[in-house]
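Keep the structure on screen and follow along.

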Amino acid sequence: MGAAEIGAELGERATLVQFSSAFCQPCRATRRVLTEVAGMVDGVAHVEIDAEERLELVRRLEVRSTPTVLVLDARGTVVRRAAGQPRKVDVIAALGEVVRD
């Protein structure tokens, strides 16, 4: 996935892509967790996509619920995927598999 597809620049090392919807309570908490983790790790970006506005992308990626989080490596390859509100420790662990010094 590239910047044109997600509507934002990819992170230098990894990108956390969050699919959300307007009235999704867990999406708000997910936004806070992903923003915090992205701020902790250099070169990691957090991009939130409104699922209702990007239905073609949602269908292509088979996003079934919100929040859904994709972890992309530096090239934009999806390396991890999770549905539901993630725990901070799980996001950090997923990034640990992607971000190497």
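## The largest pocket

In this predicted model, the largest pocket has a volume of about 180 Å³. Its lining is made up of 15 residues, and those closest to the pocket centre are Ala82, Pro86, Asp90, Val91 and Ala94.

Sorted by class, the lining has nine nonpolar, four charged and two polar residues.

## The nonpolar cores

The largest nonpolar core has 14 residues, and the members that touch the most others are Ala14, Leu16, Val44, Val71, Val91 and Leu95. Two or more residues of this core come from each of strand S1 (14–20), helix H2 (25–40), S3 and H4. A second, separate core has 13 residues, including Ile49, Leu61, Val63 and Leu70.

Leaving aside residues up to four places away in sequence, Leu16 touches Leu34, Val44, Ala45, His46, Val47, Leu70, Val71, Val91 and Leu95. Among these contacts is Leu70, a member of the second core.

## One face of helix H4

Which residues of H4 are buried? They are Val91, Ala94, Leu95 and Val98. Looking down the axis of H4, you will find these buried residues within an arc of 100°, so they line one face of the helix. An α-helix has 3.6 residues a turn, so residues three or four places apart point the same way.

The cover over the buried residues of H4 includes S1, H2, strand S2 (44–50), S3 and S4.

## Backbone details in one loop

Most residues other than glycine have a negative phi, and most peptide bonds are trans. Two exceptions are worth a look. Glu62 has a positive phi of about 55° although it is not a glycine, and Glu62 sits in the loop between H3 and S3. Is Glu62 buried, partly exposed or exposed? Its relative accessibility is 49%, so Glu62 counts as partly exposed.

The other is a peptide bond: the one from Thr66 to Pro67 is cis, with omega near 0°. Pro67 is found in the loop between helix H3 (55–60) and S3.

Terms used
Residues numbered from 1 in each chain as written. Predicted model: local features only at pLDDT ≥ 70, side-chain atom pairs only at ≥ 80, totals over all residues. Heavy atoms only, no water. 1 Å grid on protein atoms, 1.4 Å probe; cavity = no way out; pocket = protein on both sides within 12 Å on 5 of 7 lines; lining within 4 Å. Points joined across faces, edges and corners; volume = space filled by probe spheres on them. Nonpolar A, V, L, I, M, F, W, Y, C, P; charged D, E, K, R; others polar. Helix = DSSP H or I, 4+ residues; strand = E, 2+ residues; numbered from the N terminus. Buried < 20%, exposed > 50% of the residue type's maximum accessible area, 1.4 Å probe, protein only. Core = buried A, V, L, I, M, F, W, Y, C linked by side-chain atoms within 4.5 Å. Contact = heavy atoms within 4.5 Å. Arc of directions from axis to C-beta.
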